[in-house]
Amino acid sequence: MVLNFLILVSTFFFMEFMAWFTHKYVMHGLGWYFHRDHHQHERGFFEKNDVFFLIFAIPSWLFTMFGMMDGNDWKLFVGLGIALYGLSYFLVHDVFIHRRFDWFKRTDNVYFRAIRKAHKVHHKHLNKEEGECFGMLIVPFKYFREAKRSMKTS
Amino acid sequence: MEHYYYLILDLLTLSYPLAKSFESRLKFVRYWPGVFLGIAVMSILFVPWDVWFTSKGVWGFNEQYISGIHIANLPIEEWLFFIVVPFACSFIYEVLNYFLPNSPLKPAQDKITAVLILVSFVLSVLFVDRIYTFTTFSLLCLLLIWHLLINKSDYLGQFFLAFLIIQIPFLMVNGALTGLFTEEPIVWYNNAENLNLRILTIPVDDIGYNMLMLLIVITVLEQYKVRKFSGVLTVS
């Protein structure tokens, strides 16, 4: 029980690493074809970039399915950890930062301010090659300091 | 006479759209190259698939109602089916484009597509052991994802509306094929490999199969239209 919980939590944090890694080296590399319309917006609600949700859903689905087939063993919790990260990523990145849905409009919290600022900095760059702040939930400390300062002044 | 039932059905399906192809308003004949290109592309997938499923006994043909001429293990009538059905359906699609150019489904096309992706994904996961259901809905799911996210097609609203209208002749033709009017079905299905749900006599999976088949043809047709009218591809 405790072990399964630990597996779930560590998978969640491992996915933050995976997200940073694939964002930096795949999406801004070979996968730029799918990621470009996230930086240079086109019409419509959906983006080619949404393909990455489907790609990351595959390991989650397989781990969950095989875990359940093997009597709810560790694989199930890896699958759930990936799914939980996907849900968080969607809520933070797509809803909170990019406002694809009209939810969480009144949040005012240092952590949320910091990750939003860091991601906006990432979006200053429109092209594949240059870039900074590839992480999502874990961002450099300076954005926390900035967020604190701006909260005091406002 | 009985031996020509399937052949007669093919010819009846073909007759009206063929006769109206040269009608002066729509001039469906203009779209023939695109339609036949689409049929060719679709057949590259659907003919081997059909040969494979026939040999596995997922479905089969009642010797009583076919002429007996076979090519690559498929009755000649089945080969004709892959030409006349998409031909007739493309005709309906273009008639709709002519008389109702602004599809009422267009504002909702992305939502409809997303729902269909979800439904076909769930069906292919739940029925992974039923080969007709799984093959049809996983391929349909992938094609719809390509349309929604990669190609961002703006003709899907029109396609879905045409597809709804097509269900009327589809009910007649496919009903006839699956034994609605005959003592035995012309084409039989092994219910262990499909959803085992029938609308009258038609397996529900056929709706997905039909959508996949037509959407491939319409996709090629639309690509052809874009190239023809923008002059990328010169057509003599």
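Mentor: Chain B and chain A bury about 930 Å² between them, and carbon and sulfur atoms give 70% of that area (accessible area, 1.4 Å probe, lost on being put together and summed over both parts). On the side of chain B, the residues that lose the most area to chain A are L149(B), I150(B) and K152(B), which together make up 62% of what that side buries. The model is a predicted one, in which local features need pLDDT of at least 70, side-chain atom pairs count only at 80 or more, and totals for chains, interfaces and linings use all residues. Residues are numbered from 1 along each chain as its sequence is written, chains are lettered from A and ligands numbered from 1 in the order written, and side-chain values use heavy atoms, without hydrogens and water.

Counted by contact (heavy atoms within 4.5 Å), nine residues of chain B meet 13 residues of chain A. Two salt bridges cross the interface of chain B and chain A (a Lys or Arg side-chain nitrogen within 4 Å of an Asp or Glu carboxyl oxygen). E42(A) forms a salt bridge with K152(B), and their closest N and O atoms are 3.1 Å apart. K152(B) is also among the residues of chain B that lose the most area to chain A. Three residue pairs across the interface, both residues at pLDDT 80 or more, are in polar contact (N or O atoms within 3.5 Å, one able to donate a hydrogen and the other to accept it; sequence neighbours count only through two side-chain atoms).

On the side of chain B that touches chain A, α4 (109-126) and α5 (131-151) each give two or more residues (helices are DSSP runs of H or I, at least four residues, and strands runs of E, at least two, numbered from the N terminus). The largest share of that side, four residues, comes from α5(B). By class, the side of chain B that touches chain A has six nonpolar, no polar and three charged residues (Ala, Val, Leu, Ile, Met, Phe, Trp, Tyr, Cys and Pro are nonpolar; Asp, Glu, Lys and Arg charged; the others, Gly among them, polar).

As for the spaces, the whole structure has one cavity of 30 Å³ or more (on a 1 Å grid over protein atoms alone, points where a 1.4 Å probe fits but cannot get out; lining residues have an atom within 4 Å of a point). The volume of the largest cavity is about 50 Å³ (the space filled by probe spheres on grid points joined across faces, edges and corners). Its lining includes P86(B), Y93(B), F159(B) and L214(B), and α3 (76-99), α6 (156-177) and α7 (205-230) of chain B each supply at least two lining residues. α3(B) provides the largest share, four residues. The class count for this lining is nine nonpolar, one polar and no charged residues.

The second largest pocket has a volume of about 510 Å³ (a pocket is an open set with protein on both sides within 12 Å along at least five of seven lines). It is lined by 28 residues, of which T13(B), F81(B), V85(B), F170(B) and V173(B) are the closest to its centre. Here too α3(B) gives the largest share of the lining, seven residues. The lining of this pocket divides into 22 nonpolar, four polar and two charged residues.

Technical notes:
Buried area = accessible area lost by both parts, 1.4 Å probe.
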